[in-house]
Amino acid sequence: MKNKILSYYHLLNLREILQKCKIIMNKSVIMIVSKYHGVGGVDTVINNLCLGLQKLGYETSIGAFEFFKNPPRNINKVKLSRFKTFSTDIIKKIGVIHIHETKLLYNTIFQNIKQPIIFHYHGANGKIQEY
């Protein structure tokens, strides 16, 4: 139950952000992560956001450099290239880029990206959490 509450909370915030950005013409969102395992906290949030956005009429995709499991049904799978992360034809057609890792956000700094970018910070892991 906790995951559902967390996911709906994120979905409501994302819905407000998308409405403020006035992303109505191209109702498509890609969730970007370096490795998609299909299990775990980040991937569960991504899956739930995609499924929730689909109910709101958005086309959703998951982009990753490596897939260990396929996304849920009806969610597009986009294999990314490490050297051309945001220059693929598929990403150029997406309405909103939703990044889920800090290191991937750095890739956007020097690229000419026209779409709105949403960064979703999932928290620190490892030694940082021990303090």
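Visitor: Before we look at strand β6, what does buried mean here?
Guide: Buried means under 20% relative accessible area, and please keep in mind that the model we are looking at is predicted.

Visitor: Fine. So which way do the residues of β6 point, and are they buried or exposed?
Guide: Strand β6 covers residues 96-99, with V96 and H98 pointing one way and I97 and I99 the other way, and all of them are buried.

Visitor: Which strand does β1 join, and over how many bridges?
Guide: Strand β1, residues 28-32, runs parallel to β6 and is joined to it by four bridges. I30 has I97 as its bridge partner in β6, while V29 stands opposite V96.

Visitor: And what about β7, how does that pair with β6?
Guide: β7, which spans residues 117-119, pairs with β6 in the parallel sense over three bridges, and the bridge partner of H98 in β7 is I118.

Visitor: What order do the strands of the sheet take?
Guide: The sheet is open and is formed by five strands in the order β5-β3-β1-β6-β7, with parallel pairing. Its edge strands are β5 (76-79) and β7, each of which pairs on one side only. On average, neighbouring strands of this sheet are turned by 25° against each other, direction ignored.

Visitor: Switching to helices, where does α2 lie?
Guide: Helix α2 lies across β1, β3 (59-64) and β6, and runs at about 155° to β3. The helix has 15 residues, 41-55, and reaches 21 Å from its first C-alpha to its last, close to the 21 Å expected at 1.5 Å a residue.

Visitor: Which of its residues are buried?
Guide: The buried residues in α2 are D43, V45, I46, N47, L49, C50, G52 and L53. Just after α2 comes G57, which takes a positive phi of about 100°.

Visitor: Which residue other than glycine has a positive phi?
Guide: N74 is one, with phi near 70°, and this residue is found in the loop between β4 (66-67) and β5. Most residues other than glycine have a negative phi. N74 is also exposed, with a relative accessible area of 63%.

Visitor: New topic: how many aromatic pairs turn up in the whole structure?
Guide: A search of the whole structure finds two aromatic pairs. In one of them, the ring centres of Y36 and F67 are 5.7 Å apart and the planes stand at 55°, so the pair is tilted. This pair links distant parts of the chain, since Y36 is in strand β2 (residues 35-36) and F67 in strand β4, 31 residues apart; both Y36 and F67 are buried.

Visitor: And F119 with Y121, how far apart are the centres of their rings?
Guide: The centres are 6.4 Å apart with the planes at 45°, so the pair of F119 and Y121 is tilted. F119 is partly exposed, at a relative accessible area of 32%, whereas Y121 is exposed, at 54%.

Visitor: Last one: what lies over the face of Y58?
Guide: K27 lies over the face of Y58, at 4.8 Å from the ring centre.

How values were computed: Residues numbered from 1 in each chain as written. Predicted model: local features only at pLDDT ≥ 70, side-chain atom pairs only at ≥ 80, totals over all residues. Heavy atoms only, no water. Buried < 20%, exposed > 50% of the residue type's maximum accessible area, 1.4 Å probe, protein only. Helix = DSSP H or I, 4+ residues; strand = E, 2+ residues; numbered from the N terminus. Pairing = 2+ DSSP bridges. Expected span 1.5 Å × (residues − 1). Axes fitted to C-alpha atoms, helices over the stretch in contact; angles between N-to-C directions. Contact = heavy atoms within 4.5 Å. Phe/Tyr/Trp six-rings, centres within 6.5 Å; stacked < 30°, edge-to-face > 60°. Lys NZ or Arg CZ within 6 Å of the ring centre and 35° of its normal.
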